[in-house]
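Please read the following points with the sequence and the model side by side. They begin with confidence and then turn to the strands.

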Amino acid sequence: MGGRTTWLLPALLLLFHPGSAAITGPKAVSGLERDSLTVQCQYGPGWEPYVKWWCRGADWDSCKFVVKTTGSEQEVKKDRVSIRDNQKNRSFTVTMEKLRLNDADTYWCGIERAGTDLGVQVEVTVDPVTTHCHYSPGWENYVKWWCRDADQNNCIILVQATGSKQGENTNRVYINQSKRMLTMTMSDEKNGL
């Protein structure tokens, strides 16, 4: 009899420890700046009517709640983040819209309950948008530029570069002469887009 209770207590403690198998989710997700990303977390039977949440911060004890469900399947939206519980499938979905580079952080999918909530950690990364423009041989020493407008005659030049030198604004333009390629990294924080 002692052998049965010896393993039962640690098993019960594991079930109710933050990050336990009662709730699961991806370890990491990533998205592009100005785009959206979706995180789906699953939970076990019996947790359907409980409030689900998404919080931000690596420290479990001090993470800040971003959005919570109401205990129903109705979508709840707060600023650029929404959460929806699908109780039939025992999963909830968090959607982050109009991503910014500073949205990258450690987050938690969680279930609110008496005592310590249940949760699983999710690393969110946000990458800037990068585009590549190829040019033909013979154009290596000409000025290359990136502008914002459909009309070339009226566009506002955001950055320009000549030869193999980098543009005026650090980390925005890179020219690879051997591949005849101009690479532009667009970021709201860097380009004012």
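1. The mean pLDDT of the protein chain is 81, and 77% of its residues reach 70 or more, where pLDDT is the predictor's confidence in each residue, from 0 to 100. Over residues 1–19, however, the pLDDT is below 50, and this stretch has 14 contacts in the model beyond near neighbours in sequence, a contact meaning heavy atoms within 4.5 Å.

2. This is a predicted model, in which local features need pLDDT of at least 70 and side-chain atom pairs count only at pLDDT 80 or more, while totals for chains, interfaces and linings use all residues. Residues are numbered from 1 along each chain as its sequence is written, and side-chain values use heavy atoms, with hydrogens and water left out.

3. Strand β9, residues 105–111, is mostly covered, since six of its seven residues are buried; strands are DSSP runs (E, at least two residues) numbered from the N terminus, and buried means under 20% relative accessible area, exposed over 50% and partly exposed in between (1.4 Å probe, protein chains only).

4. Which strands pair with β9? Strand β4 (residues 52–56) runs antiparallel to β9 and is joined to it by five bridges, with Trp 53 opposite Gly 110, and strand β10 (residues 118–127) is also antiparallel to β9, over seven bridges; two strands pair if DSSP finds at least two bridges between them.

5. In the hairpin of β9 and β10, six residues lie between the strands, and Gly 115 takes a positive phi near 85°.

6. Phe 92 belongs to strand β8, residues 91–96, and counts as buried because its relative accessibility is 0%.

How values were computed:
Helix = DSSP H or I, 4+ residues; strand = E, 2+ residues; numbered from the N terminus.
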